[in-house]
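Hello,

Here is the structure I said I would pass on. My notes on it follow below.

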Amino acid sequence: MEERNLTVIREFVLLGLPSSVEQQHLLSVLFLCMYLVTTLGNMFIIMTTGFDSHLHSLMYFFLSNLAFVDICFTSTTVPRMVVSILTGTKTISFAGCLTQLFFFVSFVNMDSLLLCVMAYDRYVAICHPLRYTAIMNLRLCVQLVAGLWLVTYLHALLHTSLIAHLSFCASNIIHHFFCDLNPLLQLSCSDVSFNVMTIFAVGGLLALTPLVCILVSYGFIFSTVLKITSTQGKQRAVSTCGCHLSVVVLFYGTAIAIYFSPSSSHTPESDTLSTVMYSVVAPMLNPFIYTLRNKDMKRGLQKILFRCIVFQQQ
């Protein structure tokens, strides 16, 4: 009977955002605009850091990687949700659901780890400026980013494999706008205790360890900043770190509320809203945070726009 039930559910129904039909069409326009802003904003960051020689530093190398991940992050969920609303097609195949889950877990973890590395980079630059070039170099950072991609893919593969071996024999309706871990576990008629334990153990290691490293790094940074006598030096250090810290708070605050809170506190509405905040809103705000509060980025962006205008006039 169990083996037969494994073949019953071959697709899931993604209900999307909890709203009326009229509201869903308005939301589709809103999310499409947010997706375009996210994509264009992060592409500008990648172009600016690539074309402006003054931004060829490790801090902007990590920022361009974060921008690339944010584009992929939102592309995993938002385009399909918009198409689903516009066409009325809410079904997704079992294989498609697992594929979406794999890439979502990969990119969300890569976002987390990159934020951690960026915090450590700022710690070394501010607390140990004379040793910065000895500790941080391009070759090491490229190898580090490559290693992070490998870790995130292996972690995503672990969760995807565990989900693939579960039985889904009751309902195929997912109260979410994409295939996420918690909604899938709630639908399974198998014992999911090992999956839950894996989320808290392995997922907690990959989520909370970077958060602790970020907090420790900023603890040392703030301690060093307080010792700086120059007002201009303090303002530059706070400006540089303030952008990154704003992104960290927005990203981690909502992500932890979903994956590391008691299951009794979860509701489809609260989970969906929290997920939208860290998977859609945060990647959209990142370009504004890093460009509007960063003089070097604003200067580089102005150069890019000026070149585009001159090229069009020619």
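How far apart do the end C-alpha atoms of residues 25–46 lie, and how much of the span is helix and how much strand? The model is predicted, and in it the distance is 32 Å, with the span 100% helix and 0% strand.

Residues 25–46 are one of the stretches that UniProt, in an unreviewed entry, gives as "transmembrane region". The others in that record are 58–78, 98–120, 140–158, 192–225, 237–260 and 272–292. For residues 58–78, the end C-alpha atoms are 30 Å apart, and the span is 90% helix and 0% strand.

On the surface there is a nonpolar patch formed by Leu 32, Leu 36, Leu 40, Met 43, Phe 44 and Leu 305. Together these residues have about 510 Å² of accessible area. Helix H2 (residues 21–51) supplies the largest share of the patch, 5 residues. Leu 36 lies in this helix.

The strands are as follows. Strand E1 (residues 11–14) pairs with strand E2 (residues 91–93) in the antiparallel sense, over 3 bridges. In this pairing, Phe 12 stands opposite Ile 92 of E2. E1 is also joined to strand E3 (residues 173–174), by 2 bridges, and these two strands run parallel. Here Leu 14 has Ile 174 in E3 as its bridge partner.

Regards

Technical notes
Residues are numbered from 1 along each chain as its sequence is written. This is a predicted model: local features need pLDDT of at least 70, side-chain atom pairs count only at pLDDT 80 or more; totals for chains, interfaces and linings use all residues. Side-chain values use heavy atoms; hydrogens and water are left out. Patches are made of residues with over 30% relative accessible area and no salt bridge: like charges are joined within 9 Å, nonpolar side chains (Val, Leu, Ile, Met, Phe, Trp, Tyr) within 5 Å. Accessible areas come from the Shrake-Rupley method with a 1.4 Å probe; for residues, only the protein chains shown count as cover. A salt bridge is a side-chain nitrogen of Lys or Arg within 4 Å of a carboxyl oxygen of Asp or Glu. Helices (H or I, at least four residues) and strands (E, at least two) are DSSP runs, numbered from the N terminus. Two strands pair if DSSP finds at least two bridges between them. UniProt positions are given in the numbering used here, feature names are shortened, and annotations may be inferred rather than shown by experiment.
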